[in-house]
Amino acid sequence: MIYPENFENKIGFDRIRTLLNERCLSPMGLEKVGSIEFIDDYDSLSHILSATSEFQQVLQFEDFFPSENYYKISDCLNKIRIEGTFPEVSEVFDLKRTLETVKAILNFFRSKDAVKYPVLQSMCGSVKIYPYVLEAIDRIIDRKGIIKDNASSRLKEIRSDLVGKSILVSKRLSAILKQAQADGIVDQDTSVSIRNGRGVIPVGAYDKRKIKGLIHDQSASGKTVFIEPEEIVEINNDIVELEYEEKREIVRILTAFADNVRPYIDDLLESDIFLGEIDFIRAKALLGNHLHSIKPILVDKPFISWKRAIHPLLSLTFEKLSGRKVVPLEISLDEKDRILLISGPNAGGKSVCLKTVGLLQYMLQCGITVPVAEGSEMGIFKNLLIDIGDEQSIDNDLSTYSSHLINMKFFIKNGNDKTLILIDEFGTGTEPMIGGSIAEAILGELNRKKVFGVITTHYTNLKHFASLTDGIVNGAMAFDNHLMQPLFQLNIGKPGSSFAFEIARKIGLPEDILAEASQKAGVKNVNYDKHLKDIARDKRYWEMKRQSIRQQEKRLEELMAEYEKELSGAKILRKEIITKAKDEAQELLKESNRMIENTIRQIKESQAEKEKTKDVRQQLEEFKNIVVEETKPVETESEEKIAVLSSKAKKIKLDPEPVKEKPEPPVSPDRPLKPGDAVRMIDTQAAGEVISVKDKKIKVETGSLRFFVPPDKIERISRAELKKSLRANQVYRENDPGLVHRNIDFKPEIDIRGVRGEEAINQVKQLIDNALIVRHRNLRILHGKGNGILRQLVRQYLATVDVVKSFRDEHVEFGGAGITVVEMDL
């Protein structure tokens with residue numbers, strides 16, 4: 001039930017209808033807008049709202065939706081239900097375009113996933129499009145909506161004759177005109193005209209008898225007459241007869257078409273209804289997207305829990321006023337607090353709040369999405385009853401207060417637990433004391449009937465009653481009493497002050513009048529209003545404090561997150577430092593082991609005394625134990641421990657004390673060379689050690705190089721000379737910048753794909769030479785697969801190189817036969 005009859009005008013829904021009408025494309029859509037009704041069935045309302053919400057998504061996220069040629073075809077179809085009737089050509093053309101639009105809409109939804117637009121897709125299920133109907137139309141109508149020449153063989157003949165006769169008339173008229181011009185009957189610049197659909201020649205009134213024919217017209221001055229020459233009259237009569245025959249043939253064609261489509265009329269009418277429904281839903285979706293509306297959570301009971309609700313009409317008005325925005329409304333009505341009693345200053349937004357509730361609830365229950373925030377919940381009411389504005393009537397002998405009482409009587413009679421009432425300025429219109437008492441009694445009765453409602457008032461007794469009565473809650477429109485301006489914010493839980501004295505003082509009412517008014521109002525009432533103002537002020541203060549605390553908490557959380565991130569980074573850096581220190585310690589340990597082996601070898605070579613050997617071993621073992629102990633993983637390691645490790649390492653002498661070497665026995669120059677002998681190459685004076693003797697070739701190792709030399713190219717030397725030469729060579733290698741850079745720049749892999757054979761072999765040679773110098777054992781040569789020619793050349797060369805120990809294909813996962821892996825004999 002909706003009360004009163006002008007409910008929609010009072011809450012502004014008539015303007016919503018206008019906005020929807022502006023967005024409709026068809027008469028069917030306009031009819032749907034005009035027939036919008038209040039819905040209180042949960043399933044029906046949920047279905048309609050879902051369809052509108054889905055269409056909003058279509059308009060937002062789809063590239064194209066058919067929105068042209070929404071014509072009303074029901075009138076045409078109903079007309080041709082009667083046998084023997086026929087449609088107009090324009091109606092057939094509209095039918096064609098409309099059916100094509102319906103077909104495009106069906107294809108659009110049927111091409112989408114079933115879960116994307118389920119409600120809209122379900123609407124398409126009962127709609128049928130018969131290709132036969134479209135084909136029948138295409139046979140007789142062209143793209144411009146004109147009957148085709150080949151719609152029938154007789155029509156083609158008629159039109160062909162018409163064209164021939166028209167050409168003949170044109171030729172004869174031109175010939176007659178030229179002759180008349182030659183005879184001086186008409187001027188040279190005279191041309192053929194048309195009168196009554198016939199070709200005529202303009203002739204001066206005095207010369208009209210010089211051309212035989214029919215006079216069809218004359219000029220306004222009467223000086224010129226328009227004559228149809230008699231020799232073309234008969235031809236024009238034939239043309240007229242052909243035109244009538246053409247019309248009769250077209251009627252016959254259209255009648256036959258109507259007979260053919262008559263069995264499909266009911267299904268075609270369903271398409272008309274479907275197109276009107278789509279147009280209506282589209283209009284609601286367009287308006288919804290403009291207002292940023294959504295489908296809220298729908299609850300099958302009387303209930304309101306709105307977040308950031310916006311009055312749509314006020315929002316549209318403010319769009320035109322740059323810089324102004326509607327203050328959103330937060331409101332809740334439930335079983336505990338069913339009636340909200342709003343108080344506060346005039347022009348503070350009480351009535352806007354009231355109308356917002358009425359308009360949004362009515363829009364929702366008319367199937368229109370509403371401008372509220374996500375998470376809002378809206379219930380369903382059976383009755384919407386309002387008392388807004390002045391209903392006084394001279395004709396009905398009604399005063400303002402009488403009209404309010406009549407409305408209250410209706411509310412009490414029809415109100416129940418599924419009713420939402422909206423009352424503006426409750427109790428006004430009569431003597432305040434009596435009016436307030438009656439209003440309080442009515443409010444109590446409405447509360448006992450468990451109605452839901454939003455009521456605005458200035459009466460103090462109603463504020464007291466609300467604070468003491470279960471089911472009713474006070475609310476106040478916020479007001480800045482420093483700036484003396486409303487904030488348009490609804491605060492639920494406390495009553496509001498009317499700020500009458502403050503507003504009067506701001507307007508400039510004399511202070512003596514305000515003082516006298518204060519005395520007349522009584523200390524109690526003034527204090528009550530003052531306390532309300534103090535409460536409102538304190539509430540705003542603590543609300544600002546709470547907001548400030550929230551901001552500080554948010555900032556604190558951001559700082560904590562930032563510090564945690566920095567702490568995590570510091571922990572990672574600490575682990576990296578410790579890991580680096582451990583790696584350095586391990587390198588130190590490896591160096592120690594190397595020196596141990598070197599020392600042992602020196603001892604053996606020098607045949608030192610056992611006691612001296614024992615002392616050296618003990619010192620080295622002590623250093624090794626220190627390094628091992630200090631490099632164990634401990635959670636509390638720090639840079640101080642690393643420093644302690646370094647200081648302990650410095651206390652150990654890594655170099656053994658010089659030992660007295662026994663004199664080396666003389667070597668016989670005639671004794672054959674064997675592995676281990678010290679030798680020197682005669683040509684280069686490079687000292688080395690014999691590795692092997694094979695086939696009159698001696699393999700010598702000097703520094704990091706090994707090569708074969710003939711016996712006559714080397715000479716035997718003592719071990720002492722060998723050591724001296726090797727030490728000098730080591731110092732040279734460590735201080736030679738060329739060798740240092742060569743070590744840094746060396747890459748154990750080359751890519752010779754696409755390189756010619758000779759150049760490829762040169763690159764392989766250079767790789768092996770560099771590997772020998774830097775003593776790198778494993779090399780990789782990337783030559784690709786192809787025909788295998790480059791691979792074969794490389795391997796033939798590698799087979800001839802003595803320092804190459806072996807070569808093979810790379811693993812299949814890493815390149816297979818396209819890469820050769822070389823192992824050096826170092």
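How much accessible surface does the protein chain have, and what share of it belongs to carbon and sulfur atoms? The accessible surface comes to about 47600 Å², of which 52% belongs to carbon and sulfur atoms; areas were computed by the Shrake-Rupley method with a 1.4 Å probe, and for residues only the protein chains shown count as cover. The model is predicted, so that local features need pLDDT of at least 70 and side-chain atom pairs count only at pLDDT 80 or more, while totals for chains, interfaces and linings use all residues. Residues are numbered from 1 along each chain as its sequence is written, and side-chain values use heavy atoms, with hydrogens and water left out.

The protein chain has 25 helices and 24 strands; these are DSSP runs numbered from the N terminus, helices being H or I with at least four residues and strands E with at least two. Of the 826 residues, 41% are buried, where buried means under 20% relative accessible area, exposed over 50%, and partly exposed in between (1.4 Å probe, protein chains only). Among contacts between residues at least 6 apart in sequence, 69% join residues at least 24 apart, a contact being heavy atoms within 4.5 Å.

An open sheet of four strands has the order 2-3-5-4, with antiparallel pairing; two strands pair if DSSP finds at least two bridges between them. Strand 2 (193–195) and strand 4 (213–218) are the edge strands, each pairing on one side only. Neighbouring strands of this sheet are turned by 50 degrees against each other on average, direction ignored. Helix 9 (residues 153–182) packs on the sheet and touches strand 3 (198–204) and strand 5, its direction making about 10 degrees with that of strand 3. Helix 10 (residues 230–261) lies across strand 3, strand 4 and strand 5 and runs at about 70 degrees to strand 5. Axes are lines fitted to C-alpha atoms, for helices over the stretch in contact, and angles run from 0 to 180 degrees between N-to-C directions. Strand 4 and strand 5 (residues 224–229) are joined by five bridges in the antiparallel sense, and Ile215 has Ile227 of strand 5 as its bridge partner.

Strand 13 (residues 452–456) is largely enclosed by the rest of the structure, because five of its five residues are buried. Phe452, Val454 and Thr456 point one way from strand 13, and Gly453 and Ile455 the other way. Strand 9 (residues 337–343) runs parallel to strand 13 and is joined to it by four bridges, with Leu340 opposite Val454. Strand 12 (residues 419–423) also pairs with strand 13 in the parallel sense, over four bridges, and Leu420 has Phe452 as its bridge partner.

On the surface, Leu405, Met433, Ile434 and Ile438 form a nonpolar patch with about 370 Å² of accessible area together. Patches are made of residues with over 30% relative accessible area and no salt bridge, like charges being joined within 9 Å and nonpolar side chains (Val, Leu, Ile, Met, Phe, Trp, Tyr) within 5 Å. Helix 15 (residues 432–448) gives the most to this patch, with three residues.

Most residues other than glycine have a negative phi, and most peptide bonds are trans. The peptide bond from Tyr3 to Pro4 is cis, with omega near -5 degrees. His292, in the loop between helix 11 (265–291) and strand 6 (297–298), has a positive phi of about 60 degrees and is exposed, with a relative accessible area of 64%. Glu425 lies in the loop between strand 12 and helix 15; its phi is near 55 degrees, and the residue is partly exposed at 23% relative accessible area.

The whole structure holds 28 salt bridges, each a side-chain nitrogen of Lys or Arg within 4 Å of a carboxyl oxygen of Asp or Glu. Lys72 and Glu31 meet in one of them (2.8 Å, N to O). This pair links the loop between helix 4 (42–61) and helix 5 (74–79) with helix 3 (residues 27–34), 41 residues apart. Glu749 and Arg780 form another (2.6 Å, N to O), linking strand 21 (residues 749–751) with strand 22 (residues 778–782). Arg780 is partly exposed, with a relative accessible area of 23%, and is also in contact with Phe814. Phe814 is exposed at 54% and is found in the loop between strand 23 (804–809) and strand 24 (819–824). In the salt bridge between Arg795 and Asp809, the closest N and O atoms are 2.2 Å apart. Arg795 is buried, with a relative accessible area of 16%, whereas Asp809 is partly exposed at 31%.

Conventions. Lists of a residue's contacts leave out its neighbours within four places in sequence.
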